[in-house]
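Open the model in your viewer and keep the selection tool at hand. We will go stop by stop.

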Amino acid sequence: MPLFTITMRSSRRGPDKATLSAAIHAASVAAGYPHNDIFQRFFSLEADDLRIDPTYPGLPKPRTDELLMIEVVVSSGTLTKRKHELLAALLAGLDAVGVDGNDVMMFFGEIDRTSSSFANGELAPPVVLE
């Protein structure tokens, strides 16, 4: 269950949210997550509310106003290999819809599923690790 939070500038002119959502979901499925496992939220912020150094940490070219900051919460114990597969699929999928990889920042966070509930106050079932 990856939970994707996509933060962008409200002035962004790149692909619309529906296009970005489809590319992100396709990448998630390509990385082995079930097709019906779709949890995404989008935040569009004014320039003053999203301050990012354009070249940190030493990028050869600066980021643009098309920047996407993607946070992905996954279950504790998710294999590094799976995170790399998801990252590669995301970059490829976003590139296919016109997003420059230089404008994609991605951060993984992990949560123990016993610290989450999908509905009705029931704790999420454990994940069987590959």
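Which residues does L86 touch, not counting residues up to four places away in sequence? Select L86 and look around it. L86 touches F4, A27, S28, A31, Y33, V72, M106 and F108. Touching here means contact, with heavy atoms within 4.5 Å.

Before moving on, know your model. It is predicted, so local features need pLDDT of at least 70 and side-chain atom pairs count only at pLDDT 80 or more, while totals for chains, interfaces and linings use all residues. Residues are numbered from 1 along each chain as its sequence is written, and side-chain values use heavy atoms, with hydrogens and water left out.

**Stop 1: the whole fold.** Switch to cartoon view. From the N terminus, they follow the order β-α-β-β-α-β-β-β. The radius of gyration is 15 Å, close to the 14 Å from the globule rule for 130 residues, so the protein is as compact as a globular protein of that length. (Radius of gyration is taken over C-alpha atoms; the rule is 2.2 Å times the number of residues to the power 0.38.) Helices are DSSP runs of H or I, at least four residues, and strands are runs of E, at least two, both numbered from the N terminus.

**Stop 2: the core.** Now select F4, L68, I70, L86 and L94. Of the 20 residues in the largest nonpolar core, these touch the most other members. Elements giving two or more residues to this core are β1 (3-9), α1 (17-30), β3, α2 (80-96) and β4 (104-111). A nonpolar core is a set of buried Ala, Val, Leu, Ile, Met, Phe, Trp, Tyr and Cys residues joined through side-chain atoms within 4.5 Å. Buried means under 20% relative accessible area, exposed over 50%, and partly exposed in between, with a 1.4 Å probe and protein chains only. Across the protein, buried residues make up 35% of the 130 residues.

**Stop 3: strand β4.** Select G109, which lies in strand β4. Is G109 buried, partly exposed or exposed? G109 counts as partly exposed because its relative accessibility is 27%. Leaving out residues up to four places away in sequence, G109 touches V72, V73 and V74.

**Stop 4: a cis bond.** Go to P57, in the loop between β2 (40-45) and β3 (68-75). The peptide bond from Y56 to P57 is cis, with omega near 0°.
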